[in-house]
Amino acid sequence: MQADPTPERSSRVLTPEPEPEPGPGSESVLDPEQDARVALAEFAALHGPALRASGVPERYWGRLLHKLEHEVFDAGEMFGIMQVEEAEEEESEDEAAQEARKKPNPGGELCYKVIVTNENGLQAADPNSIFLIDHAWTCRVTHARQQLQQVPGLLHRMANLMGVEFHGELPSAEAVDLVLEEMWKFNQTYQLAHGTAEEKVPVWYIMDEFGSRIQHADVPSFATAPFFYMPQQVAYTLLWPLRDLDTGEEVTRDFAYGEADPLIRRCVLLPWAPTNLLDLSSSTPEPPAEHYQAILEENKEKLPLAISPAGYPCDHVFKVYTDIQQVLSHLTHPRFTFTQSEADADVLYNFSHFKDYRRLSQERPNVLLNQFPCENLLTVKDCLASIARRAGGPEGPAWLPRTFNLRTELPQFISYFQQRERRGEDNHWICKPWNLARSLDTHITKNLHSIVRHRESSPKVVSKYIESPVLFLREDVGRVKFDIRYILLLRSVKPLRLFVYDVFWLRFSNRPFALNDLDDYEKHFTVMNYDPEAVLKQVHYNEFIPEFEKQYPEFPWKSVQAEIFQAFKELFQVACARPPPLGLCDYPSSRAVYAVDLMLKWDSRPDGKRAMQPQILEVNFNPDCERACRELPCPVRS
């Protein structure tokens with residue numbers, strides 16, 4: 001229930017500022033006015049960047065500081081919450097518009113508005129016209145159910161705030177489910193810019209009853225922004241007017257702030273204003289070349305000049321510069337030695353992404369590197385989905401779950417979701433960040449509102465959840481999900497030379513699979529090695545194969561693996577088929593190791609027989625090969 005630190009308005013990314021250095025004479029005795037000016041200057045030094053990014057006018061900063069220091073919640077002196085009854089709409093309005101207008105407040109049957117009640121109205125130029133809104137609930141999505149069940153009074157308060165009926169003293173499963181469904185009409189979000197991967201997972205919060213009653217307007221009368229006050233380590237929402245308001249005028253804000261495109265606004269506002277996009281095409285062709293050029297520029301990656309392949313004598317001892325402990329510990333072949341000087345190295349084996357290939361190609365073209373220019377086309381999930389369409393058209397290939405980029409393909413996704421809903425097809429989806437691993441900030445849901453709102457937290461894709469996975473019978477648990485990791489070596493782009501280990505690695509869920517309890521991590525996810533309390537089931541590949549063939553005698557592993565390798569081949573063929581930045585760059589001094597995670601799902605052949613279809617989940621850069629190095633110095637095959 002505790003908030004984390006302070007956001008920019010556009011991205012809602014929290015970037016805490018360093019403490020300001022004390023100025024000359026800061027320890028001297030000051031008069032009250034001078035003291036106030038110094039305090040404001042220190043406040044501006046600490047919080048000014050966040051306030052400017054949020055668009056908070058500087059005329060409010062002095063009174064804002066006073067209200068923060070003294071915890072002044074004076075909105076009640078200026079505003080009131082009004083319960084309203086909606087008149088019947090004219091018959092000419094379509095059903096969706098009528099439904100939206102009947103419920104100005106998100107979620108409940110009761111209708112509320114916030115209005116100016118001060119008899120003198122409110123002036124935007126008044127330095128006091130900025131207000132603090134408290135947060136009623138702050139959490140990360142993975143903890144929401146547990147908090148509703150365990151935090152005293154939280155479920156009651158959220159149910160009342162959202163208009164969910166709740167009776168009795170103990171939290172009921174039905175009431176918890178309803179709040180978890182309705183909360184997407186109330187949630188706001190921000191995330192930390194710094195910290196561990198776990199700390200960067202987006203935070204969601206619900207404003208108090210006053211803030212949650214403020215309604216949407218396309219032309220709002222007020223603006224809001226989350227704000228983290230560092231001295232007290234407390235998060236608030238700031239509210240300030242965009243114009244003067246008279247007594248009785250409504251306080252509104254734009255729920256789709258920052259979105260100018262009318263279609264995107266309709267999509268973003270869908271949780272509060274139902275919209276029908278069935279007539280819109282759900283086709284998602286590959287993005288144009290400009291899309292990839294923009295990614296290259298955003299990544300600040302400089303492509304190399306054309307070079308000839310490096311030539312070394314067959315007895316050359318390579319000097320390796322690396323910051324990866326795994327390499328330092330396990331690279332023991334006599335033709336390799338380590339150097340602490342990057343300038344002296346023949347081989348750069350870097351943990352982080354290399355950027356300036358141009359300079360390297362100009363100054364040291366013979367230096368070998370453990371990555372390829374533009375390899376983010378494989379390792380970033382939205383790019384992976386885009387280039388895969390070269391193999392399968394707008395729908396994507398059979399070996400990749402149907403995937404949409406929520407930033408650029410939201411209307412198409414909503415159309416596809418609604419089409420499946422109309423046909424009565426399964427509509428479970430999984431939201432994933434573009435560029436996080438270990439299942440962090442990854443959520444399974446069939447709630448369209450949840451998926452639309454997740455777009456606000458961080459760049460995400462949404463992929464069709466595999467509702468019919470091939471399961472593995474664990475004698476200690478039952479039939480569980482599993483995924484498979486293969487390690488691949490890309491030796492060159494032109495010609496394409498790709499190697500894969502015959503040895504593969506397995507991960508298992510800890511609970512029997514079923515399409516329920518979607519927030520039960522140990523039922524729906526397989527990454528257990530980062531949770532010290534979770535059971536980590538390990539099965540060696542050569543133990544798995546005979547057991548798999550025993551459970552599925554009509555599917556010899558050799559045939560299944562041939563289908564997997566064919567998927568790998570097709571993926572790398574399309575990834576290398578076009579020149580950079582539309583494809584991986586043919587840089588002769590590059591080599592790279594990748595891990596491909598995949599599952600198997602049940603599918604049907606044209607003859608009606610069932611088949612196991614590989615489903616590539618993600619491609620990982622610089623994978624952890626500690627177990628492979630320690631246990632299996634294995635051969636590779638092409």
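Visitor: How are helix 1 and helix 2 oriented to each other: roughly parallel or roughly perpendicular?

Guide: In this predicted model, helix 1 (residues 32-54) and helix 2 (residues 61-70) pack with their axes 11 Å apart and at an angle of about 100 degrees. Angles of 65 to 115 degrees count as roughly perpendicular. Helix 1 and helix 2 are therefore roughly perpendicular.

Visitor: How do the residues of the contact of helix 1 with helix 2 divide into nonpolar, polar and charged?

Guide: From helix 1, residues including Phe-43, Gly-48 and Arg-52 meet residues of helix 2, among them Trp-61, Gly-62 and Leu-65. The residues of this contact divide into one charged, two polar and nine nonpolar.

Visitor: Which residues lie nearest the centre of the second largest pocket?

Guide: This pocket holds about 1700 Å³ of space, and the residues of its lining divide into 19 nonpolar, 13 polar and 17 charged. Among the elements that each supply at least two lining residues are helix 4 (144-150), strand 18 (443-445) and helix 16 (521-524). Of the 49 lining residues, those nearest the centre are Val-141, Thr-142, Leu-518, Asp-519 and Asp-520.

Notes
Residues are numbered from 1 along each chain as its sequence is written. This is a predicted model: local features need pLDDT of at least 70, side-chain atom pairs count only at pLDDT 80 or more; totals for chains, interfaces and linings use all residues. Side-chain values use heavy atoms; hydrogens and water are left out. On a 1 Å grid over the protein atoms alone, a cavity is a set of points where a 1.4 Å probe fits but cannot get out, and a pocket is an open set with protein on both sides within 12 Å along at least five of seven lines; lining residues have an atom within 4 Å of a point. Grid points are joined across faces, edges and corners, and a volume is the space filled by probe spheres set on the points. Helices (H or I, at least four residues) and strands (E, at least two) are DSSP runs, numbered from the N terminus. Ala, Val, Leu, Ile, Met, Phe, Trp, Tyr, Cys and Pro count as nonpolar, Asp, Glu, Lys and Arg as charged, and the others, Gly among them, as polar. Axes are lines fitted to C-alpha atoms, for helices over the stretch in contact, and angles run from 0 to 180 degrees between N-to-C directions. Angles under 35 degrees count as roughly parallel, over 145 as roughly antiparallel, 65 to 115 as roughly perpendicular and the rest as oblique. Contact means heavy atoms within 4.5 Å.
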